[in-house]
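Reader: I would like to go through the terms used for this model and see what stands behind each of them. Please set the values against the cut-offs as we go.

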Amino acid sequence: MRIPLHRRRTLVESIAQALETKNGEAASAFWRCAAKKMLIQLSDVGIAPEFAAQEVGSLLHAVLDDMANRTVMHIA
């Protein structure tokens, strides 16, 4: 059974940490590259493009939530 990308804590946290060190275009470029790699990997294992795109979108939301939670924890 395949674990959805957004439930892979290590993946979510590593992307969030990497994005926290980047700003603007550097952050956008990092995400585009990571997303492209994941779309290719999902395609290689037979995931349909529309489902792969949903997986990567859910991952992005998980990463953004993780980043927001880290910010709240630092403020509190």
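**Terms and values**

Author: Arg2 is partly exposed, as its relative accessible area is 37%. The model is a predicted one.

Reader: Why is Arg2 called partly exposed?

Author: Buried means under 20% and exposed means over 50%, with partly exposed in between. Arg2 has a relative accessible area of 37%, so Arg2 is partly exposed. Arg2 is placed in the segment before H1. Leaving aside neighbours within four places in sequence, Arg2 is in contact with Arg8, Leu42, Ile47 and Glu55.

Reader: How far is Arg2 from Val56 in sequence and in space?

Author: Arg2 and Val56 are 54 residues apart in sequence, and their C-alpha atoms are 14 Å apart in space.

Reader: What elements make up the secondary structure of the protein?

Author: There are three helices and zero strands. Read from the N terminus, the order is α-α-α. The C-alpha trace spans about 45 × 30 × 15 Å along its principal axes.

Reader: Why is Asp66 called buried?

Author: The cut-off for buried is under 20%. The relative accessible area of Asp66 is 9%, therefore Asp66 counts as buried. Asp66 belongs to helix H3. With neighbours within four places in sequence set aside, Asp66 is in contact with Arg9, Val12, Glu13 and Ala16.

Reader: What makes the pair of Arg9 and Asp66 a polar contact?

Author: A polar contact needs N or O atoms within 3.5 Å, one able to donate a hydrogen and the other to accept it. The side chains of Arg9 and Asp66 make such a contact at 2.7 Å, and this value is within the limit, so the term applies. Asp66 also has a polar contact with the side chain of Arg70, at 2.6 Å.

Reader: Where are Arg9 and Arg70 found?

Author: Arg9 is in helix H1, and Arg70 is in helix H3. Apart from neighbours within four places in sequence, Arg70 is in contact with Glu13, Ala16, Gln17 and Glu20.

Reader: Is Arg9 buried, partly exposed or exposed?

Author: The relative accessible area of Arg9 is 40%, which lies between 20% and 50%, so Arg9 is partly exposed. The C-alpha atoms of Arg9 and Val63 are separated by 9.4 Å, while the two residues are 54 residues apart along the chain.

Reader: Why is Thr21 called exposed?

Author: Exposed means over 50%. Thr21 has a relative accessible area of 62%, so Thr21 is exposed. Thr21 lies in the loop between H1 and H2, and the side chain of Thr21 reaches the backbone oxygen of Ala18 at 2.7 Å. Thr21 and Val45 are 24 residues apart in sequence, with 31 Å between their C-alpha atoms.

Reader: What makes a set of residues a nonpolar core, and how many residues has the largest one?

Author: The members of such a set are buried nonpolar residues, joined through side-chain atoms within 4.5 Å. The largest nonpolar core here has 18 residues. Ile15, Trp31, Met38, Val56, Leu59 and Val63 have the most contacts inside this core. Helix H1 (9–20), helix H2 (24–44) and helix H3 (49–75) each give two or more residues to the core. In soluble globular proteins, nonpolar side chains tend to be buried together.

Reader: Which residues is Ile15 in contact with, leaving aside its neighbours within four places in sequence?

Author: They are Phe30, Trp31, Met38, Leu59 and Val63.

Reader: What share of the protein counts as buried?

Author: Of the 76 residues, 29% count as buried. The accessible surface is about 5400 Å², and 60% of this surface belongs to carbon and sulfur atoms.

Reader: How many positive and negative charges are counted?

Author: There are 9 positive and 8 negative charges, and their mean positions are 4 Å apart.

Notes. Residues numbered from 1 in each chain as written. Predicted model: local features only at pLDDT ≥ 70, side-chain atom pairs only at ≥ 80, totals over all residues. Heavy atoms only, no water. Buried < 20%, exposed > 50% of the residue type's maximum accessible area, 1.4 Å probe, protein only. Helix = DSSP H or I, 4+ residues; strand = E, 2+ residues; numbered from the N terminus. Contact = heavy atoms within 4.5 Å. Areas by Shrake-Rupley, 256 points an atom, 1.4 Å probe, with all protein chains shown as cover. Lys, Arg positive; Asp, Glu negative; His and termini not counted. Charge placed at Lys NZ, Arg CZ, Asp CG, Glu CD.
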